[in-house]
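These notebook entries record what I looked up about the spaces inside one protein and what lines them.

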Amino acid sequence: MRNIRKAVHAGYCWGVERAIDMVIQTTETHKEVPVRTLGPIIHNPQVVQSLAEKGASTIDSLDEMPAGGTVIIRTHGVAPETYQQAESKKLTVVDATCPLVTLVQNRAKQLVNEGYHLVIFGNAKHPEVIGTIGHAGGHATVVEKPEDARTVKLANKKVGVVVQTTQETERLSEFLSYLAPRCKELKVFNTICNPTIERQDAARDLAREVQVMIVVGGKNSSNTRHLATVCKQEGAITYHIEEPMEVEPGWLVGAQEIGVTAGASTPGWLMDHVIARIHELEQQQPLTASL
Ligand code: SF4
C-alpha cells in the first residue's frame, strides 16, 4: 500500500481566498451592473469559470469594459495608469490586490524616491512585476535569472532591490551573491511573501522523504512552477499537473511514498481529486516493481 502525503502548507493562500471572496461579494452587491475581473482572478480555469457563472467574467483590457461597470483588480495588482484609465471611463473599481503585493509596490516607490537604482528580481512579463514597474514610475530594471546580476547594467552603484512575491528564496540568495560585489550600497527588501515561503519549505521537506512529487496548479502560475523546481532540487521525481486525469499509471510504479502539493492559486478540492485519482490508479496497480 502506497503512502500518499499532502504537504503541510499547500493550495490557496489567504491573498487568493480574500480575492475570491471579494469577487463573490461584488457579484452579489453589484447585481445591477456588469462586473468583470481584469485578467483571470487566479490561474485556475475551473474557478474562473465558476466565478463567470456567478456574474464576474474576465476581460483582458479595460477597453472591453462595458460602460458603468465594476472592474475587479486581481491579486497581482496593476500600474497606477490602470486606475486612472478606470476613473476616466467612470468605472467602479474593486481592488483585490494582495496587501503583500501592495507592499512590494510601495517599497519599489520608496527606493526610487531615495535615489536607488531599482532592480526587481522577478519575471518581466508577470503582471505583478509589470504593475510594480508602473508604481516605480517606470524607473526599474528587471532581472529574471540570478546569474544575470553579474552583467545587468547599473546606472549607479547605489542599488535597491525588491523581489516578486512568488520567487524562490534560494534563487534570491544566488542573485544577491552576484549583485552585492558590484554595488557600493545595496538595500534589499525581501518581498517574497510568507505563504510562498511556507509552501516552498513544506514542499522541500516532503520532497526529501518521498520518491515522487506531484505538484498541482496552473502551468502559467509562477508560484506553482517554483514549487516544482524546489521538489526537483530535492531529488524527487516531480510532475507538474493541472488536472487529476493527467496522473499517469506509470508514475506510480515502484513509488512507495508519493507527495502532493499545490500552488497558492489551486483550490483544496482539486488537490483532493488528484489524491483520489492516485488511489484509483493504485487499486489498478498495486505496489510491485521498483523504481
Ligand atoms: S502568493 Fe503571496 S502575494 Fe500572492 S496572493 Fe498569495 S499571499 Fe498574496
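Before the first entry I note a definition: a cavity is a set of grid points where a 1.4 Å probe fits but cannot get out, whereas a pocket is an open set. I also note that the model is predicted.

Entry 1: I looked up where the ligand sits, and the space taken by the ligand is the largest cavity. I then listed the residues that surround the ligand: Cys13, Gly15, Thr75, Cys98, Leu100, Val101, Thr165, Cys193, Pro195 and Thr196. Helix 4 (99-113) and helix 7 (194-209) are the elements that give two or more residues to this shell. I sorted the shell by class and found six nonpolar residues, four polar residues and no charged residues.

Entry 2: the largest pocket. I looked up its volume, which is about 290 Å³. The lining of the largest pocket consists of 15 residues, and Leu38, Asp60, Arg74, Val78 and Pro127 are those nearest its centre. By class, I recorded seven nonpolar, six polar and two charged residues in this lining.

Entry 3: the elements around the pocket. I found that helix 3 (80-88) and helix 5 (127-135) each supply at least two residues of the pocket lining. Helix 5 gives the most, with three residues.

Key. Residues numbered from 1 in each chain as written. Predicted model: local features only at pLDDT ≥ 70, side-chain atom pairs only at ≥ 80, totals over all residues. Heavy atoms only, no water. Near = heavy atom within 4 Å. 1 Å grid on protein atoms, 1.4 Å probe; cavity = no way out; pocket = protein on both sides within 12 Å on 5 of 7 lines; lining within 4 Å. Sits in = over half its atoms within 2 Å of the grid points. Helix = DSSP H or I, 4+ residues; strand = E, 2+ residues; numbered from the N terminus. Nonpolar A, V, L, I, M, F, W, Y, C, P; charged D, E, K, R; others polar. Points joined across faces, edges and corners; volume = space filled by probe spheres on them.
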